[in-house]
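Please read the following report alongside the sequence and the 3D view.

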Amino acid sequence: MVRRQLRVLSTLDVARTQLYHFMAIVIAGMGFFTDAYDFFSISLVIDLISYHYYDGQMGSGVKAAISGIALCGAVPGQLVFGWLGDKMGRKRIYGVTLVLMVVTSLASGLSFSKRLGKNVVTVLCFFRFWLGVSIGGDYPLSATIMSEYANKRRRGAFIAAVFAMQGFGNLAAGIVGMVVSAAFTNSKKSNADFVWRIVLMFGAVPASLTYYWRMKMPETARYTALVAKDAKKVASDMSTVLNMHIVPEDETVDDLVRHDQYGLFSVEFLRRHGVHLLGTSTCWLALDITFYSLNLFMKDIFTTIGLLKLHQDDDPFKRMIHITALHTILALCFSLPGYFFSVAFVDRIGRVRIQLLGFAMMSAFILCLTIPYDHWTDEHNKYGFAVMYGLTSFFANFGPNTTTFIIPAEIFPARLRSTCHGISGAFGKIGAIIGVFGFVYAQRHRQHIRSMLFALVGCNLVGLVFTLLLPESKGKALEDITGEMEEPPQPELEAAAVAAADYVHVVPV
């Protein structure tokens, strides 16, 4: 069935990169800044929590619970909020996740109990679970909103730029942890209880700053037109956003109601997108097993190698400074450049090629760590281990960590886009949970770090194979990718749309 593309969507697809695009990146990106800060800051302060409440003897099960409980919350968060984003609208649910994120970030730092120790940790885990729910909900909504606002030429870079804020959040976690620890260095050791609380509560600051602008963003044109079927509303919203008059296309929108209304659990969805959903979900699962294992247990890995030399009787604040300094150096030198490369090249090389490259290079560098493992444990070679470790992080970010976020936001139809992104992301967080609790299980049963690294290579190879199931979406309109609009080539109409876009000036609402 041939259907004409809506003019308003064509205009968005060919519009030049302008101010509103960058505002959308910042508004959505600050949520991701907070997501990353909250996910990774816990690994930096867990040493202080152990010192203050467990005399430095925190059990591996407690450590796994504190590290992994937010990931457990992210799974239902992605599924529920992803589904709600398709049912109730991206914008309406977007504000709910942000409020929940701010409240639970503050509550995590205010986790108190009449009895110290286990009770405080229990309260902390309760609030971090709900923090994970809010973070999980932010994934599908941020990706979907950015993909539906972007033009087709730079859509990948825009979505990657939102995701790159994860790198800044990761970096900020190290810097804030280092600064706060340094401020308390010469104080009483009992002040360790204040340090970890301040670090965790800081995550509420950037998210709360963007609440007003999140609420001012209009609903995306694709949701309003293709899901809500409101021609007048989409014309009104986009006239304001694009600062031009757009005529409502009631007849075209009404025609869309009669076509392609298959659901998520239908045979038609299975035929069209079943393989794609399998590919996005499995790739994200495989990636997050590796990514979160290496990031959340960096301290344990580097302590085993000898790069971090921590002793039980060390000053807790100086220990914290050493841990956060190493975290910050690796984030600055390797993680952030990986995100930048993704932004620069994702619309040139393509999503699938970058994902294949990333999985392959991650496997290669982890093998370089694993095969000559005894070589790296030598005192003179431990810095080489850190470089190889950093390069693994670089190709995770210039690779599947970014592209697994981009692809599900492009290849599924508008009415199921947020849901399918949430499903894919939920599998990713299941992979992260497997990585966290698998790492702790291996440590408890005295498995060698080398064996665990070999297992991560296997995960990367699984991701590489399943990447071959995914279509390339570079440079295509979303409706062309998903088959929602199937119209014959009309070069003259395309040229007219491009010419009209030269006179489109995007202004903030």
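This is a predicted model: local features need pLDDT of at least 70, side-chain atom pairs count only at pLDDT 80 or more; totals for chains, interfaces and linings use all residues.

Residues are numbered from 1 along each chain as its sequence is written, and side-chain values use heavy atoms, with hydrogens and water left out.

**Whole chain**

The chain has 23 helices and 0 strands (DSSP runs, numbered from the N terminus: H or I of at least four residues for helices, E of at least two for strands). Of its 509 residues, 61% are buried (under 20% relative accessible area; exposed is over 50% and partly exposed in between, with a 1.4 Å probe and protein chains only). Among contacts (heavy atoms within 4.5 Å) with a separation of 6 or more, 86% are between residues 24 or more positions apart. The chain exposes about 19,700 Å², of which carbon and sulfur atoms supply 66% (Shrake-Rupley method, 1.4 Å probe).

**His-327**

His-327 belongs to helix α15, residues 316–349. His-327 counts as buried because its relative accessibility is 5%. Its side chain makes a polar contact of 2.7 Å with the side chain of Asn-170 (a pair of N or O atoms within 3.5 Å, one able to donate a hydrogen and the other to accept it; residues adjacent in sequence count only if both atoms are side-chain atoms). Leaving aside residues up to four places away in sequence, His-327 touches Leu-44, Asn-170, Gly-174 and Met-298.

**Aromatic rings**

The whole structure contains 31 aromatic pairs (Phe, Tyr and Trp rings, the six-membered one for Trp, with centres within 6.5 Å; planes under 30 degrees apart are stacked, over 60 edge-to-face, the rest tilted). Two of these pairs are tabulated here.

| Pair | Centre to centre | Angle between planes | Class |
|---|---|---|---|
| Tyr-20 and Tyr-149 | 5.3 Å | 55 degrees | tilted |
| Tyr-212 and Trp-213 | 5.1 Å | 80 degrees | edge-to-face |

Tyr-20 lies in helix α2 (residues 19–54) and Tyr-149 in helix α5 (residues 118–149), so this pair links parts of the chain 129 residues apart. Tyr-20 is buried at 6% relative accessibility, and Tyr-149 is buried at 3%. Trp-213, at 39%, is partly exposed.

Ring pairs also join Phe-32, Tyr-139, Phe-163, Trp-284, Tyr-339 and Phe-405 into a cluster.

Two arginines sit over tyrosine rings (CZ of Arg or NZ of Lys within 6 Å of the ring centre and within 35 degrees of the ring normal). The charged end of Arg-214 is 3.7 Å from the ring centre of Tyr-94, and Arg-415 is 4.5 Å from that of Tyr-262.
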